Amino acid sequence: STKSVLLLFAAMSSYLLIVKSELPGAVAGFLSGDESGSWYLDGRLLLLITSVCVVFPLALLPKIGFLGYTSSLSFFFMVYFALVIMIKKWSIPCPLPLNSAIETFQVSNSTGDCKAKLFHLSKESAYAIPTMAFSFLCHTSVLPIYCELQSPSKSRMQNVTVTGIGLSFLIYFVSALFGYLTFYDKVDSELLQGYSRYLPHDTVIMTVKVAILFAVLLTVPLIHFPARKAVLMVFFSHLPVSWICHILVTLTLNTIVVLFAMYVPDIKNVFGVVGSTTSTCLLFVYPGLFYLKLSREDFLSPQKLGACALVIFGICVGLLSLVLIIFNWIDQ
């Protein structure tokens, strides 16, 4: 439960980091003239306002069922995002145009930069597998969703899981593929920031920003639900169920997450560290260990050997990624 809380805490923080970094640009895109310094372009203030007005009220809901509607809406927003990424691949030329006004985005006019590489290893590669592990980790929501299914059964839950992960993979794959084929080695850790630099006043990109922001804001309460459940089980299981405890835990969790999102500079640091520690444990190590513990099959059976391989793979990937990330920090 403690690892689940840490994972969900990091997931909520990473989503709110997107709000902090993208919302000011989305607001500025709809304004004319230079209004830098205005309060409504301050990412931290906008994050606080949206958290209080949107995230906290939805997080207070006692059951996860209603959040299924908001989750469906955010899924369609993500589909729109993926479609626009596909279309805009042909709107940004390669080689990327040189622009002296852009100081933080080093570009090149070499045609060699426009060739896709099947594998490209660098110090940033340490973030790849942890980020993917982080993205596909939905274990913490399985039990609450199962409990609220109509006629819960193993087969129905399996259908929900396969459908959810399959659709998520499709959107992730399309977005990542066409994002890479647009920027190649210059792709940013936050994909939309690259489009903002080269298509700063594009109406479609601005609508995508708004759609992503809504998707993120509607997803945070969904992640908050199992996080609150885990906190209540770990720290307050001896107390009777009450609305006061429910509200206080919700408020405390949201406050910590918002403060964390306000002061973390880069989203990849959250994905990298949490992905290489808690995500690899929950995704690879623990399922393998549980199977080895509960199964009565012979140790040399294919299933148990597969479980052992899963445990070893998770430990190796987690440790290697964490060490490389720490060395990358030291190097910087």
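Colleague: Leaving aside its neighbours within four places in sequence, which residues is Arg 228 in contact with?

Modeller: This is a predicted model, and Arg 228 sits in helix α8, residues 203-235. Setting aside neighbours within four places in sequence, the contacts of Arg 228 are Ala 59, Leu 60, Leu 61, His 246, Val 249, Thr 250 and Leu 253.

Colleague: Is Arg 228 buried or exposed, then?

Modeller: Buried means under 20% relative accessible area. Arg 228 has 4% relative accessibility, so Arg 228 counts as buried.

Colleague: Which backbone oxygen does the side chain of Arg 228 reach?

Modeller: Ala 59 is among the contacts of Arg 228. The side chain of Arg 228 comes to 2.4 Å from a backbone oxygen, and that oxygen belongs to Ala 59.

Colleague: How far apart in space are Val 142 and Pro 226, C-alpha to C-alpha?

Modeller: Val 142 lies in helix α5, residues 142-147, and is partly exposed at 27% relative accessible area. Along the sequence, Val 142 and Pro 226 are 84 residues apart. In space, C-alpha to C-alpha, the distance between Val 142 and Pro 226 is 9.2 Å.

Colleague: What is the phi of Ser 151 near?

Modeller: Ser 151 belongs to the loop between α5 and α6, and is exposed with a relative accessible area of 56%. Most residues other than glycine have a negative phi. Ser 151 isn't a glycine, yet its phi is positive, near 50°.

Colleague: Which residues of α7 are buried?

Modeller: Helix α7 covers residues 191-198 and is mostly covered, with 6 of its 8 residues buried. Those buried residues are Leu 191, Leu 192, Gly 194, Tyr 195, Ser 196 and Tyr 198.

Colleague: Now for the surface: which residues form a nonpolar patch there?

Modeller: Let's start with Ile 49, which is in helix α2, residues 43-59. Ile 49 is partly exposed, with 37% relative accessible area, and a patch residue needs over 30%. Ile 49 is one of the patch members, which together have about 450 Å² of accessible area. The patch is made of Trp 39, Leu 45, Leu 48, Ile 49 and Val 52.

Colleague: Stepping back, how many helices and strands does the protein have?

Modeller: Reading along the sequence, you get the pattern α-α-α-α-α-α-α-α-α-α-α. The secondary structure comes to 11 helices and 0 strands.

Colleague: What share of the contacts with a separation of 6 or more comes from residues 24 or more positions apart?

Modeller: The protein has 332 residues, and 41% of them count as buried. For contacts with a separation of 6 or more, residues 24 or more positions apart account for 76%.

Colleague: And where is the pLDDT below 50?

Modeller: The mean pLDDT of the protein is 78, with 85% of its residues at 70 or more. The stretch with pLDDT below 50 has 20 contacts in the model beyond near neighbours in sequence, and you'll find that stretch at residues 100-109.

Note on methods
Residues are numbered from 1 along each chain as its sequence is written. This is a predicted model: local features need pLDDT of at least 70, side-chain atom pairs count only at pLDDT 80 or more; totals for chains, interfaces and linings use all residues. Side-chain values use heavy atoms; hydrogens and water are left out. pLDDT is the predictor's confidence in each residue, from 0 to 100. Contact means heavy atoms within 4.5 Å. Helices (H or I, at least four residues) and strands (E, at least two) are DSSP runs, numbered from the N terminus. Buried means under 20% relative accessible area, exposed over 50%, partly exposed in between (1.4 Å probe, protein chains only). A polar contact is a pair of N or O atoms within 3.5 Å; within protein, one must be able to donate a hydrogen and the other to accept it, and residues adjacent in sequence count only if both atoms are side-chain atoms. Patches are made of residues with over 30% relative accessible area and no salt bridge: like charges are joined within 9 Å, nonpolar side chains (Val, Leu, Ile, Met, Phe, Trp, Tyr) within 5 Å. Accessible areas come from the Shrake-Rupley method with a 1.4 Å probe; for residues, only the protein chains shown count as cover. A salt bridge is a side-chain nitrogen of Lys or Arg within 4 Å of a carboxyl oxygen of Asp or Glu.
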